[in-house]
Amino acid sequence: MAERWNRARVLSLAPDTSSQQAAQSLATGRSWPLTGAAERGALWGECLGSATTPYRTAVDLSGPAYQCSCPSRKFPCKHALALLLLWSDDSIAAGGDPPEWAEKWFATRSARAGDAEDPKTPADPAAALHRAEQREARVAAGLDELDRWLCDQVRQGLATSQRSGYRLWDDIASRMVDAQAPGLAERLRALAAVPHSGPGWEGRLLEEYALLRLLVTAYSDPGKLPSALRDTVRSRIGFTVRQAEVLASAAPVRDHWHVLARRELDQDRIRTRRTWLRGRRTGRFALVLSFAAIGQSLDGSLTVGTVVDADLAFYPAAVPLRALVAARHDTLPAGAPPGLTTAGLLAGYARALGLDPWLESWPALLEGTPARTPLPCLFDAAGAAVPLHPGLGDCWPLLALSGGRPLTVAGEWTPRGLWPLTAWDHDGMAVGPVPL
Amino acid sequence: MSAWQDLVTASLIGTERTEVPPAAVPGVLTSDPASATQDPAAVLLDRAALLTAARRAGRRPGQADPLPLAEPDPRPAMSQAAGRRLARMLGGQYPELLAEWLTAAIARGLRPPPELLPALLDRTRRAGPADSSLLRLAAEAGGPRARWLAGLNPDWELVTAQHLPAEDAWRLGRAAQRRGYLASLRVRDPAAASELIAGSWESAGPDDRSMFVRVMADGPRLADEPLLEAALDDETAWIRKMAADVLAALPGSALARRMTARAVRCLRIERGPRGTRLVVFPPAKSDALMRRDGIATGPVGGSSQPADQARLMLEVVARTPLLTWTDDFGLGPAQIVTLWSGDWAPVLFTAWSRAAIAQRDQDWMSALLHRALTARPPGLAAEIEALRQLARRADPRLGGPAVLPDPGPDAPPVIREATRLLRFRYEMLKELDDHDGGD
């Protein structure tokens, strides 16, 4: 059975305080004529509610994932939370077989989990090595082709690319998919939007082409690179590192991690959730990614505005940001994290660029006041301003929250400006992700 | 031009047609980076890569013009759940309940989440001057932060201008501001508002007169009866109609008494061996006095006599004080609505619903809702609409858990919809009562 969670951790999963309260009042044996727990981290129960038939609730602790027959649109609903609270209080007898309805749901869950894991552990090391060599050769050939393509663009002039439509980038992106370089393919596909991104698009397109050629150059001569930079180059091209390798390779970093901000991006029917963290003790930033098919729920265990005591394992990189939660110990109450100055943000980004010139979204945690002129921006106590991302529009919600006073703002710093994701109001309450 | 801009220009033209410019930046990059290649296109890209990294890393902070500070808002924050519900309503869920939500938030003296104020101001601005009461509510609920925002965005001035009624607004303002002034005066000092209307009536055009009647419709007062009774003879048809509606909602008015006299002839209770039932004697036709009291004449031709009679019956009962029936029958609303009335049941349900809404009679609204949701689902379009209106206006406590049964999956959509609406209103007010400042 999974390690028992404490009450605070359970309550931190609640979508709001009214759910917390409702769950606590439901977490009594009287409301639950039937409960049970299985070895593998599965809970189930039937809860008496206002309906004539009891609600059927099940929780898979490994996600955690929830299932309930109640009509609530909250997620997790109060029944799932109450069931977890009962378990947390040791009020659920372990053992026993789940009823059929719960068994069915657990079965579909584990089938899905099986799909997600990579069962193709190499049975034959020699064959695996051969496959790896083949891939390197394919990637190298693909990168040669990309290099010729990039030079062709600049030779003919970028002026033509505004007229050529998305096919121009789609075609070369497909060839990078064939060359098993999905990271490059993704980057190339995103370029189709650049010619329509407003004034200055030519410069932005040239930047992207230049950085792509830099990646080609770096990959072609790996011996010249420090090993961490080599990891960065490979990950940007699209070589992945297995979670198990990440967990095995480096000592995890334990800290009280402030969950700063969350951003969701949809691409190719996959939703990616980027969650930014910052360690209280180490001051390190971390990025936790989770993925789900669109329509399915994402891992919601990191709640913006809370602090988690956890061990993070960082992926190897020149600027290690991406991390896995290797172990989670506790959830702690939190107010606003201490913000940086504008100079601190820009200096941090400059240092990071020195190690990884391809870095395009850098965690920003600023103590700043929003303003509208001359450009929508955020300025710090010294009056130093950084622009907000032009894709944001007027930023009225952020202004409204500030009332002209400083806020703590967390978001992503990009070459085009700051994309705010979370703001802490004057009471220290985290607001977001709203379209700030 | 900067070294970067030169590179961009060259890349636009193409290295087939132009030289590759140098990437040296005085004081920063003293010489061009070495390239392992002779291909001008590759050289250009390498130089661009270097400058891209240098420009990104070398970015300097800019300047900003600080905004004025908003006045502090001393009101306590509402619960997070209440804030989230406001966000949902602004996002399109039950937008018609926004006024009720705002009224409740104001009554409890709570501060809405400031980050939602821009959406609230946009929403009320779109509703426009046509809905000046919504504008007033938004301005008041929004408080000093909303006024601060309106000072920054001319689009929202209209919203907060409503909040500052001055004598000037009355003499010089646009129609919406005049109405705002009059309405707020009527809240502060009803007698003064009546006096102002009475003094302006003679010289007012039809637009102003209809505005007066509309202001008086918001919480009708018996003291306004002389003005409204006179408006029954106004030259403009729809002012006459509106005045009649307001008077019908005033149970003590002369119009209400006239309506009662008509109504008691039309609907009687019979206590017979087969139980107690209602018997209907519909009015034969409308006369000039009925028309003066706002009872619309039926469509000319084409409609059957029974349909006309049902219509007249509906119009009369809908304008009759509901006390007429409880007094006359000696029964409470909950009993009256269950009395057998045969084919007339849909007409009576619709008429009583309209009367209960106009007269703001919660007992009747509850009784009618209960009846519709538990015993006799409405079938006619007019009944369905009446049920919708009841669900919007009845005491929201009806939406509380265990007050009304959950409609089963086979319940007609209108029943499920009305129950959902009541539940939503119940939850919405409960969240506002649950406030605890900083949860």
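The structure is a predicted model, in which local features need pLDDT of at least 70, side-chain atom pairs count only at pLDDT 80 or more, and totals for chains, interfaces and linings use all residues. Residues are numbered from 1 along each chain as its sequence is written, while chains are lettered from A and ligands numbered from 1 in the order in which they are written.

Let's begin with confidence. The model scores ipTM 0.79 and pTM 0.75.

Chain A has domain 1 (7-113), domain 2 (134-237), domain 3 (251-332) and domain 4 (342-431); the bounds come from an automatic or database domain assignment. Between domain 3 and domain 4 of chain A, the C-alpha centres are 20 Å apart. Here 11 residues of domain 3 of chain A are in contact with 12 residues of domain 4 of chain A, contact being C-beta atoms, placed from the backbone, within 7 Å. On the domain 3 side, strand E5 (253-267) and strand E6 (270-279) of chain A each give two or more residues. Strands (E, at least two residues) and helices (H or I, at least four) are DSSP runs, numbered from the N terminus. E5(A) supplies the largest share of that side, four residues.

Now to the two chains. Their contact takes 52 residues from chain A and 50 residues from chain B. Elements giving two or more residues to the chain A side include helix H5 (125-156), helix H9 (201-220) and strand E10 (362-371) of chain A. The largest share of this side, nine residues, is from H9(A).

Finally, two loop residues. Ala93(A) sits in the loop between helix H3 (78-88) and helix H4 (100-116) of chain A. Ala93(A) is exposed because it has 9 C-beta neighbours inside 10 Å; the cut-offs are 12 or fewer other C-beta atoms within 10 Å for exposed, 20 or more for buried, and partly exposed in between, with C-beta atoms placed from the backbone. Ala93(A) and Thr35(A) are 58 residues apart in sequence and 7.6 Å apart in space, C-alpha to C-alpha. Glu235(B) lies in the loop between helix H12 (225-231) and helix H13 (237-248) of chain B, and is exposed, with 8 other C-beta atoms within 10 Å.

Methods:
Contact = placed C-beta atoms within 7 Å.
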